[in-house]
Amino acid sequence: MNKGEKLGVKDAILKRHSVRSYNSKPVTTEQIEELINAARLAPSSLNSQPWRFKVVSDRKTLIKFGEKDISRKQSWLADAGAIIVCCADMAGYIKDSQASAFFFRENNLITGDPMDGIDEYLEREVSATEAAKFGASAMNVGISVSFMMLRAIELGLGTCWVGMYDEQKIMELLDIDPLLRIVGLLAVGVPDEGDLPTEHNRKRLDEILLP
Ligand SMILES: Cc1cc2nc3c(=O)[nH]c(=O)nc-3n(C[C@H](O)[C@H](O)[C@H](O)COP(=O)(O)O)c2cc1C
């Protein structure tokens, strides 16, 4: 792709791969804002938007992220331009889901059968197990992270979703509100010169398409 040529969504999807080697160029505040704004525009169940992001870009803390007790020594994290700690607001998820459902009902945005018994449906959500609530809110956060990963390609940035970390240690390190849960870390940075797109090692269509 030539410089200045516009990337389509398909190109971004093809180009995206996990980048684990970054050069020392910083990620700018504007770029981070672009990423968070892409996340903000993601869809979510009942428009609950449970995602919350903590951006870490100071080198001392990034180095800590690469250590054994935080990430099982994924030391390349220390070279990232930033790490976006992607959290789910568990309490906000329920509250905002309820508010949206009532808004949809009052404004006739969703009518008929789906709204029948919506109060009981929401009550069940409220009394669901913490694990079930986490699963549901994490699913929404995951979508927002995907949006950031694709937007990053347009910005010439690489990303890698990191799922191996000690949640409690990060909560303490960054003094994150205990009502939040960490869903994943998104490492972001300018890919190192030597970073080459890997071939997508994926299951074939016929392996994933159910008959
Ligand atoms: C939920 C999740 C957790 C992941 N955790 C890690 C991780 O801890 N460390 C890592 O290097 N890559 C991690 N990855 C990246 C995957 O290994 C990678 O996406 C997969 O191998 C496909 O490669 P690709 O992203 O280059 O297409 C994770 C990806 C996801 C979606």
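# Exercises on a predicted chain

At 18% relative accessibility, Q31 counts as buried, where buried means under 20% relative accessible area, exposed over 50% and partly exposed in between (1.4 Å probe, protein chains only). The model is predicted, so local features need pLDDT of at least 70 and side-chain atom pairs count only at pLDDT 80 or more, while totals for chains, interfaces and linings use all residues. Residues are numbered from 1 along each chain as its sequence is written, and side-chain values use heavy atoms, with hydrogens and water left out.

## Exercise 1: Q31 and its helix

Task: place Q31 in the secondary structure and describe its surroundings.

Solution. 

Step 1. Q31 sits in helix 2, residues 29-40. Helices (H or I, at least four residues) and strands (E, at least two) are DSSP runs, numbered from the N terminus.

Step 2. Contact means heavy atoms within 4.5 Å. Not counting residues up to four places away in sequence, Q31 touches P26, L155 and L157.

Step 3. A polar atom of the Q31 side chain lies 2.9 Å from the backbone nitrogen of T28. A polar contact is a pair of N or O atoms within 3.5 Å; within protein, one must be able to donate a hydrogen and the other to accept it, and residues adjacent in sequence count only if both atoms are side-chain atoms.

Step 4. Check the length of helix 2: at 1.5 Å a residue, its 12 residues should span 16 Å, and its end C-alpha atoms are 16 Å apart, which agrees. The expected span is 1.5 Å times one less than the number of residues.

## Exercise 2: M149 and T159

Task: state whether M149 is buried or exposed, and do likewise for T159.

Solution. 

Step 1. M149 belongs to helix 7 and is buried, with a relative accessible area of 11%.

Step 2. T159 belongs to strand 3, residues 158-162, and counts as buried at 3% relative accessibility.

Step 3. Leaving aside neighbours within four places in sequence, M149 is in contact with R16, T159, W161 and L186. With neighbours within four places again left aside, the contacts of T159 include M149, A152 and L186.

Step 4. M149 and A12 are 137 residues apart in sequence, yet 9.0 Å apart in space, C-alpha to C-alpha.

## Exercise 3: Helix 8

Task: describe helix 8 from its start to the residue just after it.

Solution. 

Step 1. At the start of helix 8, a side-chain oxygen of D166 reaches to within 3.1 Å of the backbone nitrogen of Q168.

Step 2. K169 lies in helix 8, residues 167-174; K169 is partly exposed, with a relative accessible area of 34%. Not counting residues up to four places away in sequence, K169 touches D69 and I70.

Step 3. The buried residues of helix 8 are E167, I170, M171 and L174. Seen down the axis of helix 8, they fall within an arc of 105 degrees, so they line one face of the helix.

Step 4. The buried residues of helix 8 pack against several elements, among them helix 3 (59-65) and helix 4 (68-71).

Step 5. Just after helix 8, D175 takes a positive phi of about 55 degrees.

## Exercise 4: The whole chain

Task: say how many helices and strands the chain has, and what share of its residues is buried.

Solution. 

Step 1. The chain has 9 helices and 4 strands.

Step 2. Of the 211 residues in the chain, 40% are buried.

Step 3. Among contacts between residues at least 6 apart in sequence, 77% join residues at least 24 apart.

Terms used. Arc of directions from axis to C-beta.
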